[in-house]
Amino acid sequence: MAFALLKQRVTGSTEKVDGRFVFTKQQQPTHMAKYKLEYLWLDGYEPVANIRGKTTLKEFSKFPKLEELPWWNFDGSSTRQAEGKTSDCFLKPVAVYPDTTKINGAIVMCEVYMPDKKTPHPSNSRASIPDDPGAWFGFEQEYFLYKDGKPLGFPCGGYPYPQGEYYTAVGYKNVGCVAREIVDTHLQLCLDAGINHEGINSEVAKGQWEFQIFGKGSKNAADQVWVARYLLMRLCEKYGVDVNWHCKPLGKDVDWNGSGMHTNFSTTHMREEGGKAYFEALMGAFDKYKNEHIAVYGPDNHLRLTGLHETQSIDKFNYGVGNRGASVRLPQSFIPDGYRGYLEDRRPNSQGDPYKIAGRILQTIATVPKSGGKKGKK
């Protein structure tokens with residue numbers, strides 16, 4: 001392992017002290033290794049930002065801490081984030097993860113700032129969202145693997161067998177021979193990076209898969225989703241495969257599922273206090289602000305949220321225990337536990353920005369007074 005190179009060498013010599021020869025250790029300078037730091041950021045494309053990345057090399061005696069990582073800059077005129085006459089944008093490191101595909105590799109998630117290094121760039125969706133370490137988020141990221149312009153495993157000029165056997169499937173007929181290797185390798189890469197990956201499964205449509213990420217705090221959870229997305233796309237390069245994040249890549253006029261990013265969430269109050277009155281007030285707020293939620297839950301959601309394929313219509317809001325066709329699904333344990341625990345918002349789609357999704361959920365929660373508390377800000 002590369003980390004073995006970071007151990008300090010101890011040498012010394014013998015000296016005569018009080019008539020005895022003793023070994024005196026001499027601490028040698030700490031070994032400095034060049035680390036490959038891959039800085040990632042979100043560009044200025046709309047309605048969906050792309051992940052960008054570039055690598056710099058810096059010397060450290062051991063895996064760097066976040067506070068040791070320097071700011072960096074890039075050409076914003078090439079990413080729709082600046083004009084050519086004043087193109088510098090700056091990268092502020094906000095999270096760092098080991099990259100075990102490289103010796104002394106690290107992935108550095110960044111926010112984009114203006115040249116003054118004080119003003120977040122307008123494309124910086126992370127900087128302004130509410131954050132609370134007591135708010136927990138679990139993102140269920142669905143996606144399609146694509147090759148030659150069609151989902152992996154689709155025949156040329158047609159469709160495979162109808163949906164039915166592909167969900168959590170096994171066997172070449174259902175999952176082929178490449179997808180399993182990709183998703184299993186991606187899972188291990190995430191674990192190696194310290195990302196709190198919680199599971200994978202094949203999904204309802206052929207060529208469709210899902211991974212789940214859990215994190216405490218909206219920014220932390222969303223950082224991990226973006227890095228997990230990056231690792232998957234980079235991995236797929238060697239297979240000649242693309243990741244299609246679109247929520248309805250096959251269109252709404254065919255009987256094939258779309259892709260969501262169901263978002264499970266809870267706060268300390270929801271987990272520890274809860275209560276029927278609070279829950280009903282919370283769902284009332286989610287209904288009141290349903291349009292504000294849809295606005296940040298990913299583009300083209302009208303193609304997916306049709307009331308079919310386990311979705312509620314885009315212009316309606318409802319909730320139900322175990323109801324996968326509801327806007328918000330309550331787990332079976334939620335009511336027996338005194339209306340306490342987590343909830344699942346099933347409206348966010350696979351292209352949604354997890355920063356904006358988590359931020360909007362916390363904004364709405366903040367409008368609901370806790371028991372005996374004061375009403376929060378809108």
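The following questions and answers concern a predicted model. Residues are numbered from 1 along each chain as its sequence is written, and side-chain values use heavy atoms, with hydrogens and water left out. Local features need pLDDT of at least 70 and side-chain atom pairs count only at pLDDT 80 or more, while totals for chains, interfaces and linings use all residues.

Q: What distance separates the end C-alpha atoms of helix α8?
A: Helices are DSSP runs of H or I with at least four residues, numbered from the N terminus, and α8 covers residues 354–365. The expected span is 1.5 Å times one less than the number of residues. The 12 residues of α8 should therefore span 16 Å, and the separation in the model agrees, at 16 Å.

Q: Which residue caps the N-terminal end of α8?
A: A polar contact is a pair of N or O atoms within 3.5 Å; within protein, one must be able to donate a hydrogen and the other to accept it, and residues adjacent in sequence count only if both atoms are side-chain atoms. At this end of α8, a side-chain oxygen lies 2.9 Å from the backbone nitrogen of Tyr355. That oxygen belongs to Asp353.

Q: How many residues of α8 are buried?
A: Buried means under 20% relative accessible area, exposed over 50%, and partly exposed in between (1.4 Å probe, protein chains only). Among the buried residues of α8 are Tyr355, Arg360 and Ile365. The helix is mostly covered, and of its 12 residues the buried number is 10.

Q: Is Asn124 buried or exposed?
A: Asn124 is found in the loop between β7 (105–113) and β8 (136–147), where strands are DSSP runs of E with at least two residues. Its side chain makes a polar contact with the side chain of Glu111 at 3.1 Å and reaches the backbone nitrogen of Ala127 at 3.1 Å. Because its relative accessibility is 9%, Asn124 counts as buried.

Q: Which strand gives the largest share of the lining of the largest cavity?
A: On a 1 Å grid over the protein atoms alone, a cavity is a set of points where a 1.4 Å probe fits but cannot get out, and lining residues have an atom within 4 Å of a point. The largest cavity holds about 70 Å³ of space, a volume being the space filled by probe spheres set on the points, which are joined across faces, edges and corners. Its lining includes Met109, Glu111, Asn124 and Tyr355. The largest share, 4 residues, comes from β7.

How values were computed: 1 Å grid on protein atoms, 1.4 Å probe; cavity = no way out; pocket = protein on both sides within 12 Å on 5 of 7 lines; lining within 4 Å.
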